[in-house]
Amino acid sequence: MDLNYSAEDEAFRAQVRTFLAENLPADLQEKVRGHLRLAKEDYVRWHKIVAKQGWAAPAWPAEYGGPGWNAVQRHIWEDECARAGTPPILPFGVNMVAPVIMAFGNEAQKAHYLPRILNCDDWWCQGYSEPGSGSDLASLKTTAVRDGEHYIVNGQKTWTTLGQHADMIFCLVRTDPSVRKQEGISFLLIDMKSPGVTVRPIIMLDEEHEVNEVFFDNVKVPVQNLIGQENKGWTYAKYLLGHERTGIAAVGRSKRELLFLKRLALRQQKDGKPLLDDPAFAAKVANIEIELMALEVTVLRTIAQEHQAPGPQASVLKVRGSEIQQMLAELMVEALGPAALPFDPAYLEGESEHAAGGDAEAAPLAAYYFNLRKTSIYGGSNEIQKNIIAQMILGL
Amino acid sequence: MDFDFKEEQQQFADALRRWIDKDYSFEARRKIVHSGAGVSEQAWQTLVDLGMTALPVPEAQGGFNGSAVDMLVVMQELGRGLVVEPYFATVLGAHFLALAGGQEELLEKVAAGGLKLACALNEPHARHALNDIVVRATGSGKDFALSGMKSAVIHGAQAGALIVSARTGGDQHDTDGISLFLVDADTSGLVIKDCRTLDGQRVASITFDHAPATLLGSEGQGWPLLEAGADYGATLLCAEAVGAMDALFAATLEYLKTRKQFGTPIGSFQALQHRMADMFIHLEQARSMAMLAAAKVASPDAEERRRVVSAAKARVGQAATFIGQQAVQLHGGMGVTDELAAAHHFKRLTMIGLTLGDAQHHLERFAAQPGFREAA
Ligand SMILES: Cc1cc2nc3c(=O)[nH]c(=O)nc-3n(C[C@H](O)[C@H](O)[C@H](O)COP(=O)(O)OP(=O)(O)OC[C@H]3O[C@@H](n4cnc5c(N)ncnc54)[C@H](O)[C@@H]3O)c2cc1C
């Protein structure tokens, strides 16, 4: 056993750090570190910078434009990006639809979509969930009926993250209603500009427009947009779910937030001393820090099994990773106390230079705490993850 | 012993609930929250007509001399209905005036509904420590001038007059040398900046630059007054939180019975049943403590008052965090939208937790009472 990074790993880390120091625009870094909201252009700008370097899709095989990194290098990359405070490379194209296209798409699809995904020429979103089908995704009802060279799609998707910006959506649709629910599902790519597609915003509890409802009303989709075989979509969806699952632990991001929390608690005062010196508060922070240390090692242990197919261990990472993110934000709000009360959306959206409450660091944190309640709900809720642990790992 | 509410109390609650159901719906409230003023004059007038502003005021000033238990009933309904009008701030302000004495005319105005108050007790650096005061007061007799800054003043921009804590002596953290003042909102030397909060209320930051102020009570002796008033406020907030938790719990229970996944109501999953059971236990414990605080907040024994109110604010705060977070979780994606009242109850509960001392603050205050050790 050796829990140290190798000399090559450290050299790689140094290389990544240099790249980030030279290429991460200061305004983006400030937004990310300061918990401000990102605009579409922010995501795209950063993606294109990274793509130019050839690092936008760390997990892709070299033949499709991946950098050819091993799992430890990919982890270091993510860790350094989170540490620096880069905008995220959104997962919907690079990490979700692309692996499915690579594994199950035809040559024409690969040639068309993969380079565009790599370079962020299309903005992708994920059309899985429906109003009646969340945790029970396989019960989905959106239909696609073959009509000559097209599918006619009808139905509704929901919770579509950042779908308001999207050019393309990858959907699970029902192509055979007569068989067992998992067996009649297909994986379809749909152009968001197709006639009959309507996007309606869902405003979140922090008043952010982050998710959407997407309606399909007799939308004509060319059959070329079907991935793989008709009615095999559930298999592809499961493949996707098992892909690259260590990222959901968000260890790097939580490490940055832990530092933010500590700095905040050094600034905030209790009885004339820094709050971080208060034993009760320090104990809470220490508890999270230890939990996070453990999770990082658990992530590294998962990575070390790279040769095995990703398994249900990802559920452990999802549950604990989301809880740590939530606890960190909760402690930030606790550190602020009444200073967390003022809410200034214009400041959060970058439309105003000064926070109305007067405290730029504090201004976004209540919204941030409320927003992060999502992390234990999306991507398979924590209850569902625990069911997976109980059934698939523990055999209960 | 009797844990039931009296008939008149129940009538107050029923009247409020009918008004909220009819005229203060979730959608109506949303409009008010997003309006420029952030409060509704019409809603205020209804509260006045229903006797809510007269309720806490002494009879001699045209009020009903309502007890904290009467107020518990009222605050529970306002919490349930997510009412964002400046009622809490006004009642708390009136309580300070009544405690300090000598402001009968203003209390009459409050009772009649013609005056809203706000309490500027927080300072930007101070977190929950109400004794951590740097705002300075200079002057003599009853006439002083205030300089410095107060923050997170609930409904500070909607009030006609402010109750302000300031320092006439002592060092930053001393309890000696604190005085309470009355400041007219229209006076010179005052800059009031209004800001929304995510739970639909308003807070102000207020800068005083030699702002004229009238001394309440006696100079330098304001701390016992400040503590007693803040305990009364915390008691009101506990009651409001219980109302909000009641509503949130009921909505979540209903959701578990109606939302289906895997062909069955999600309430049939044992993991969720146990979660609901835990929430129920929290709610009952919180309700007990809110009642205890209301029953004891007027106790002449200051230590008993502090002990009970801090116990209540701590326990209610813990329950509010658990119930709020879990209710959102059990609603799935719907729980994190602006569309359902559930998220708004969660947000209100969070902000109540941050107001007049969070759970940790009150745990520590509870443990710091002399009796905590002496009983050992
Ligand atoms: C911010 C956000 C972004 C999202 N982005 C996307 C996106 O881009 N694309 C997309 O397709 N989807 C997206 N989702 C949807 C997300 O995957 C679903 O919200 C999630 O799967 C839960 O489904 P639901 O909301 O319908 O909740 P439900 O399934 O109705 O669950 C309600 C509650 O019941 C619990 N529950 C359900 N079944 C069980 C069980 N068997 N045992 C125990 N408990 C159970 C759940 O854990 C939850 O607490 C997003 C959601 C959010 C909140």
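Biologist: What volume does the second largest pocket have?

Modeller: A pocket is found on a 1 Å grid over the protein atoms alone, as an open set of points with protein on both sides within 12 Å along at least five of seven lines. Grid points are joined across faces, edges and corners, and a volume is the space filled by probe spheres set on the points. In this predicted model, the second largest pocket has a volume of about 940 Å³. Local features here need pLDDT of at least 70 and side-chain atom pairs pLDDT 80 or more, while totals for chains, interfaces and linings use all residues; side-chain values use heavy atoms, without hydrogens and water. Residues are numbered from 1 along each chain as its sequence is written, and chains are lettered from A in the order in which they are written.

Biologist: Which residues are closest to the centre of the second largest pocket?

Modeller: Lining residues have an atom within 4 Å of a point. There are 36 of them here, and those closest to the centre are Glu330(A), Tyr369(A), Thr321(B), Phe322(B) and Gln325(B).

Biologist: Which element gives the largest share of this lining?

Modeller: Helices are DSSP runs of H or I with at least four residues, strands are runs of E with at least two, and both are numbered from the N terminus. The largest share, eight residues, comes from α9(B). By class, the lining of the second largest pocket has twelve nonpolar, 14 polar and ten charged residues. Ala, Val, Leu, Ile, Met, Phe, Trp, Tyr, Cys and Pro count as nonpolar, Asp, Glu, Lys and Arg as charged, and the others, Gly among them, as polar.

Biologist: How many salt bridges are counted between chain B and chain A?

Modeller: A salt bridge is a side-chain nitrogen of Lys or Arg within 4 Å of a carboxyl oxygen of Asp or Glu. Three are counted between chain B and chain A. Arg196(B) and Glu207(A) meet in a salt bridge at 2.5 Å, N to O. Over all chains, the structure holds 51 salt bridges.

Biologist: What separation in sequence does the salt bridge between Arg13(A) and Glu80(A) span?

Modeller: The closest N and O atoms of Arg13(A) and Glu80(A) are 2.6 Å apart. Arg13(A) lies in helix α1 (residues 7–23) of chain A and Glu80(A) in helix α4 (residues 71–84) of chain A, so the pair ties together parts that are 67 residues apart in sequence.

Biologist: How many cavities of 30 Å³ or more does the whole structure have?

Modeller: A cavity is a set of points where a 1.4 Å probe fits but cannot get out. The search finds six of 30 Å³ or more, and the largest cavity holds about 160 Å³ of space. Among its 14 lining residues, the closest to the centre are His47(A), Leu90(A), Cys120(A), Asp122(A) and Trp124(A). The lining of the largest cavity has eleven nonpolar, two polar and one charged residues.
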